Amino acid sequence: MIVVDSFRGRPVGVLGLAKSGRAAAQALAAGGAEVLAWDDNAKVREALASEVPLCDLTAADWREIPALVLSPGIPHSFPEPHPAVVGARKAGAEIIGDLELLARAQPDARYIGITGTNGKSTTTALIGHILATAGRRVEVGGNLGTPALSFAPLGRDGTYVIEASSFQLELVTSLAFDIAVLLNITPDHLDRHGDMAGYVAAKRHIFARQNGEAAAIIGVDDAICRDLCEELRRGPARVVPISVLQPVAGGVYVDQGWLVDATGAAPTRVLDLALAERLPGTHNWQNACAAYAAARACGIDATTAICSFPGLAHRQELVGTINGIRYINDSKATNADATEKALLCYPAIYWIAGGLPKAGGITPLAPYFGRLRHAFLIGRATEEFAETLDGSVPFTRCGDLATAVTAASEKARRDGVPGAVVLLSPACASYDQFKNFEERGDTFRHLVAALGEAPH
């Protein structure tokens with residue numbers, strides 16, 4: 001755990017007591033602060049009453065409290081600020097987040113920050129894997145996995161690899177990332193940022209306060225980031241553009257499936273991305289470009305480590321190969337946009353889809369129906385998806401995941417199509433049959449393991 005001692009002997013409000021908020025309260029208390037913690041959820045407060053001192057921050061006297069540590073899920077501007085934020089702001093208290101506390105507690109460490117609408121979790125994990133493989137002292141987390149203040153203290157010889165959401169970046173006031181990565185920007189969280197300009201401004205914070213020794217790595221395959229790239233070129237940091245669509249001078253890009261390093265004197269093919277089996281598809285190629293560029297900025301050759309990356313659970317995770325049939329867990333794909341990325345990666349798909357449907361269903365996926373050998377439908381979306389697929393893709397109403405896995409496995413084995421994949425990419429939320437997408441993916445993994453143990 002990080003010990004935050006910059007508020008020793010002073011009161012500090014902590015609003016929101018999920019993982020990052022609890023970690024912040026513990027880190028501040030360990031550093032001698034008087035922690036005043038609150039969560040709007042009564043059940044959360046009840047569960048934590050014996051662990052943290054509770055104080056209703058909506059009624060607190062903010063003239064006596066110098067800082068509010070805000071969990072990233074709590075609005076401070078749009079659609080309207082939380083009442084505690086209003087009180088803190090009126091009294092002049094600083095409003096910060098856990099990343100800012102980490103930076104103050106560990107000023108000598110190296111910081112790599114990753115953000116973007118899509119791909120940031122995979123890129124963060126991949127960069128962490130590359131650095132760890134190279135023997136560097138590293139902690140990986142932030143918006144992904146481990147909260148920032150649950151990291152180990154690393155000091156001057158260590159590197160924090162941090163996935164940073166737009167919400168977290170808005171709460172940073174002094175942290176300057178040594179290496180900052182912005183992958184892409186498409187509309188998201190507009191209710192929290194007011195409009196697209198607010199969302200872009202939040203993402204832009206990843207590059208704030210960088211100096212001439214820093215690297216700014218930015219994807220240029222969307223118009224917003226292309227404009228930001230040109231803006232960054234007028235600043236002090238070294239700008240490294242990345243692309244999977246076209247060559248980029250001074251950057252890293254993909255050409256005919258090869259990762260190309262153009263940061264030196266001449267463009268050089270450095271890695272056949274087909275060898276990175278856990279990073280299928282152009283969206284993952286963008287992640288690989290960003291991670292390679294970040295590693296190069298650290299003085300590390302990343303090619304071998306990219307190929308050994310095990311991937312992230314529930315994100316096109318290869319959970320088994322049985323009789324030549326690959327089984328892919330993409331349970332994280334809870335909408336059609338996410339499932340589209342998976343369908344683009346495989347030519348012969350036995351698709352397990354369904355759950356709690358989202359608006360628009362799977363109609364946007366029609367251009368990829370030709371890749372589907374058969375669909376196996378589960379959950380509440382079954383009839384809606386059946387209507388969409390009817391006449392285009394053969395399908396079976398399976399009801400539950402166990403039935404679907406068995407049916408998909410038997411069908412794929414009977415057909416004997418080369419390159420066959422049984423793909424769980426539901427294009428739906430999981431809540432009709434599972435607690436969350438993780439439980440759904442874990443169930444799929446266990447069912448596939450049982451298939452491998454059964455006689456065929």
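Modeller: Ile378 has Gly399 in β19 as its bridge partner, and keep in mind that this is a predicted model. That pair belongs to the contact between β18 (residues 372-378) and β19, which run parallel and share four bridges. Zoom out and you get an open sheet of six strands, ordered β14-β15-β20-β16-β18-β19, with mixed pairing. Its edges are β14 (317-322) and β19 (395-399), each of which pairs on one side only. On average, neighbouring strands here are turned by 20° against each other, direction ignored. Helix α15 (residues 437-453) lies against this sheet, touching β14, β15 (325-329), β16 (348-354) and β20 (420-424). The direction of α15 makes about 15° with that of β14.

Now for the other sheet. Nine strands form this open sheet, in the order β6-β7-β5-β8-β9-β10-β11-β12-β13, and the pairing is again mixed. At the edges sit β6 (137-142) and β13 (268-272), pairing on one side only.

At one end, β6 and β7 (residues 158-163) pair in the parallel sense through six bridges, with Glu139 opposite Tyr160 in β7. At the other end, β12 (residues 258-261) and β13 go antiparallel, with four bridges. Those two strands make a hairpin, with six residues between them, and Val260 has Arg269 in β13 as its bridge partner. As a reminder, strands of a sheet pair through backbone hydrogen bonds, in either sense.

On one side, β9 pairs with β8 (residues 179-182) in the parallel sense over four bridges, and Ala180 stands opposite Ala216. Its pairing with β10 (residues 238-243) is parallel too, over five bridges. Ala216 turns up again there, this time opposite Val239 in β10.

Is β9 mostly covered or mostly open? Mostly covered: five of its five residues are buried. Ala215, Ile217 and Gly219 point one way, while Ala216 and Ile218 point the other, and being buried holds for both sets.

Next comes the helix. Together, β9, α9 (residues 223-232) and β10 build a right-handed β-α-β unit. α9 also packs on the sheet, with contacts to β8, β9 and β10, and the direction of α9 makes about 160° with that of β9.

α9 has a helical partner as well, namely α8 (residues 196-204). Their axes are 12 Å apart, and the packing angle is about 50°. Angles of 65 to 115 degrees would count as roughly perpendicular and those under 35 as roughly parallel, so α8 and α9 come out as oblique to each other. The crossing of α8 and α9 is right-handed. As for who meets whom, α8 brings Met196, Val200 and Arg204, and α9 brings Ile224, Leu228, Glu231 and Leu232.

To put it together: β9 is a buried strand paired in parallel with β8 and with β10, and the α9 helix that packs on the sheet beside it also meets α8.

Notes. Residues numbered from 1 in each chain as written. Predicted model: local features only at pLDDT ≥ 70, side-chain atom pairs only at ≥ 80, totals over all residues. Heavy atoms only, no water. Buried < 20%, exposed > 50% of the residue type's maximum accessible area, 1.4 Å probe, protein only. Pairing = 2+ DSSP bridges. Right-handed = clockwise from strand over helix to strand, strands pointing away. Axes fitted to C-alpha atoms, helices over the stretch in contact; angles between N-to-C directions. Parallel < 35°, antiparallel > 145°, perpendicular 65-115°, else oblique. Left-handed = near helix turned anticlockwise from the far one by under 90°. Contact = heavy atoms within 4.5 Å.
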